[in-house]
Amino acid sequence: MAESDVQNQPGKKQKNFRADNPKRFFSENHSFKKRPTSKPYQRKEDIYVTNKSNFKAQIHQCETILNTENINEIFLHCVGNAISRGINLALTLIANSNNGLGYEANTSFIELIDDFHPLRDDEDFTLQKRLNSCLHIRVFRHSKNIISK
């Protein structure tokens, strides 16, 4: 039995996949919605870096936590396209601290879920799971006296 015969069997419901990436679901009969990324860390020293946030506001938030609170380290969590922004943020903090800060970076993957809502009643609700790169940067204090420029 040829592969085309298997795909065209009557009674079999076929899913539509993109030609450039066969693992990615695509259909004109569904609306696509990305679920928000989960934030497993909810401590005061955890900062989630996004491309939508103001860069200077994120620098100010990090410096405020390190200078006014009794916290010796912060964690920058970045996903996907925001990884380069997180690296720039960490390096800017270190440059502004007169070498009073150090950093350590770890990488991981996070599972993201996309929802495909049917536009017609005869279609089914579909989920798509995919992996995305993450970067976790620990910025820590070398000494107690950190003065920003």
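Predicted model: local features only at pLDDT ≥ 70, side-chain atom pairs only at ≥ 80, totals over all residues.

Colleague: Which residues does α3 run over, and how far does it reach?
Modeller: Helix α3 covers residues 83–96, which is 14 residues. From its first C-alpha to its last it reaches 20 Å, close to the 20 Å expected at 1.5 Å a residue.

Colleague: What happens just after α3?
Modeller: N98 sits there, and it takes a positive phi of about 55°.

Colleague: Back to the helix. Is L91 buried, partly exposed or exposed?
Modeller: L91, which is found in α3, has 44% relative accessibility, so it counts as partly exposed. The band for that lies between 20% and 50%.

Colleague: Which residues form a nonpolar patch with L91?
Modeller: I87 and Y103 do. Together with L91 they form a patch on the surface with about 290 Å² of accessible area.

Colleague: New topic. Where is F109?
Modeller: F109 is in strand β4, which spans residues 101–118.

Colleague: And is F109 buried or exposed?
Modeller: F109 counts as exposed because its relative accessibility is 62%, and the cut-off for exposed is over 50%.

Colleague: What does F109 touch, leaving out residues up to four places away in sequence?
Modeller: F109 touches L131, N132, S133 and C134.

Colleague: How far is F109 from L135?
Modeller: In sequence, F109 and L135 are 26 residues apart. In space, their C-alphas are 8.5 Å apart.

Colleague: Let's zoom out. How many helices and strands are there?
Modeller: The protein has 3 helices and 5 strands. Along the sequence they follow the pattern α-β-β-α-β-α-β-β.

Colleague: How much of the protein is buried?
Modeller: Of its 149 residues, 32% are buried.

Colleague: What about the contacts with a separation of 6 or more?
Modeller: In that set, 71% are between residues 24 or more positions apart.

Colleague: Last one: what does the accessible surface come to?
Modeller: About 10,400 Å² for the protein, and 49% of that belongs to carbon and sulfur atoms.

Technical notes:
Residues numbered from 1 in each chain as written. Heavy atoms only, no water. Helix = DSSP H or I, 4+ residues; strand = E, 2+ residues; numbered from the N terminus. Buried < 20%, exposed > 50% of the residue type's maximum accessible area, 1.4 Å probe, protein only. Contact = heavy atoms within 4.5 Å. Expected span 1.5 Å × (residues − 1). Patch = residues over 30% accessible without salt bridge, like charges linked within 9 Å, V, L, I, M, F, W, Y side chains within 5 Å. Areas by Shrake-Rupley, 256 points an atom, 1.4 Å probe, with all protein chains shown as cover. Salt bridge = Lys/Arg side-chain N within 4 Å of Asp/Glu carboxyl O.
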